[in-house]
Amino acid sequence: MTTTPTAAERFATRPEAANVDEYNFDHFKLKHFLEDVRRTVRNRGIEPGELAPDFELVRAGGGRVRLSELRGTPVLLHFGSFT
Amino acid sequence: MRFIDVVIRQAHPGPEVPAYDTFEQKLHDAERYRREEAIPWPVLVDDLEGTVHQAYGGLADPTYLIDRDGRVAYYNMWTHAPTLHRALTALMRQGGRGVVMDGIDHVPHMLAAMTDGWKGIRRGLPQSLVELELASPGMGIGLWLGHRLRPVLAPLTLRARPLPTSARVGLAAAAVLAVTLAIRRARRG
């Protein structure tokens with residue numbers, strides 16, 4: 001029986017975890033662009049077939065949603081920025 | 001089938017949309033995002049550290065297809081609807097379980113982003129445009145052009161389903177014809 005890793009557990013193993021200001025950058029720079037391209041080409045962030053890291057997040061408009069509660073039906077999960 | 005959107009950091013900050021300092025700012029933008037883009041499914045807000053975004057790899061504009069058992073069946077960057085449609089159809093064909101289409105899409109689907117990406121940049125003007133141009137010259141202007149040409153480009157670049165084979169053949173033939181004519185004209189000139 002495999003248990004779903006939580007997003008927090010997976011996050012803790014990533015090198016970017018340390019710096020919240022680095023993540024929320026004030027200026028979009030060349031290094032951010034190159035990082036996006038590098039991750040698009042190499043993208044070993046998550047392996048197909050792996051359990052999707054579980055999370056519970058606040059929902060705009062009220063309430064919360066937990067990913068693992070949606071088991072039984074396929075989910076299309078999109079990450080987007082306001083800008 | 002369920003759809004979920006997760007709002008992450010400001011990708012292109014600007015004077016009116018600075019980098020987030022508090023969760024409340026992020027929640028506020030998530031509400032605007034849901035309203036302005038008229039998103040009918042749940043719009044969730046990641047924490048300030050980007051815990052969920054980074055746990056999934058920290059990619060730019062990615063979409064993950066998760067199967068009925070909660071496993072990652074497929075994902076792509078620069079969210080491309082026709083490719084996702086194909087992946088979803090393949091997943092349904094195998095009972096909603098397992099990996100489809102080798103699991104990862106390595107193609108940078110920039111055409112859709114070019115047609116639809118101005119919305120985000122526009123919110124951070126002028127800083128967002130200047131910084132994008134400095135980081136990758138031509139892309140900011142390309143986004144603006146893509147937005148202006150949207151009525152012409154959208155039927156090709158913002159399709160929900162893959163282009164029919166006949167249309168692909170037609171477009172390829174038109175491209176070959178255009179190049180041939182251009183070469184002939186250049187030789188004559």
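**A buried tyrosine, a shared strand and an open helix**

Tyr75(B) counts as buried because it has 25 C-beta neighbours inside 10 Å; a residue is called buried if 20 or more other C-beta atoms lie within 10 Å of its own, exposed if 12 or fewer, and partly exposed in between, with C-beta atoms placed from the backbone. This is a predicted model, in which local features need pLDDT of at least 70, side-chain atom pairs count only at pLDDT 80 or more, and totals for chains, interfaces and linings use all residues. Residues are numbered from 1 along each chain as its sequence is written, while chains are lettered from A and ligands numbered from 1 in the order in which they are written.

Tyr75(B) belongs to strand β4 (residues 72-76) of chain B. Helices (H or I, at least four residues) and strands (E, at least two) are DSSP runs, numbered from the N terminus. Once neighbours within four places in sequence are left aside, Tyr75(B) has contacts with Pro62(B), Thr63(B), Tyr64(B), Leu65(B) and Ile104(B), a contact being a pair of residues whose C-beta atoms, placed from the backbone, lie within 7 Å. Between Tyr75(B) and Pro18(B) there are 29 Å from C-alpha to C-alpha, with a separation of 57 residues in sequence.

Confidence comes next. The model has an ipTM of 0.91 and a pTM of 0.86. For chain B the mean pLDDT is 90, and 98% of its residues reach 70 or more; pLDDT is the predictor's confidence in each residue, from 0 to 100. Within chain B, β2(B) has the highest confidence, at 98, and helix α8 (residues 150-157) the lowest, at a mean of 76.

Chain A contains three helices and three strands, arranged along the sequence as α-α-α-β-β-β. Of its 83 residues, 27% count as buried. Strand β1(A) is joined by three bridges to strand β2 (residues 64-66) of chain A, and the two run antiparallel; strands are taken to pair if DSSP finds at least two bridges between them. In this pairing, Leu57(A) has Val65(A) as its bridge partner. The hairpin of β1(A) and β2(A) has four residues between the strands, and there Gly61(A) takes a positive phi near 95 degrees.

What does β1(A) join in chain B? Two bridges link β1(A) to strand β2 (residues 43-45) of chain B, again in an antiparallel arrangement. Here Val58(A) stands opposite Val45(B), and Arg59(A) is placed opposite Leu44(B).

The contact between the chains takes 54 residues from chain A and 76 residues from chain B. On the side of chain A that touches chain B, the elements giving two or more residues are α1 (7-12), α2 (20-23), α3 (30-42), β1 (56-59) and β3 (75-80). The most comes from α3(A), with seven residues. By class, this side of chain A has 28 nonpolar, 16 polar and ten charged residues, where Ala, Val, Leu, Ile, Met, Phe, Trp, Tyr, Cys and Pro count as nonpolar, Asp, Glu, Lys and Arg as charged, and the others, Gly among them, as polar.

Chain B is divided into domain 1 (109-158) and domain 2 (165-189), with bounds from an automatic or database domain assignment. The centres of these domains, taken over C-alpha atoms, are 27 Å apart. Helix α9 (residues 165-188) of chain B lies largely in the open, because the number buried among its 24 residues is zero. At 1.5 Å a residue, α9(B) should span 34 Å, which agrees with the 35 Å between its end C-alpha atoms; the expected span is 1.5 Å times one less than the number of residues.

Note on methods: Two residues are in contact if their C-beta atoms, placed from the backbone, lie within 7 Å.
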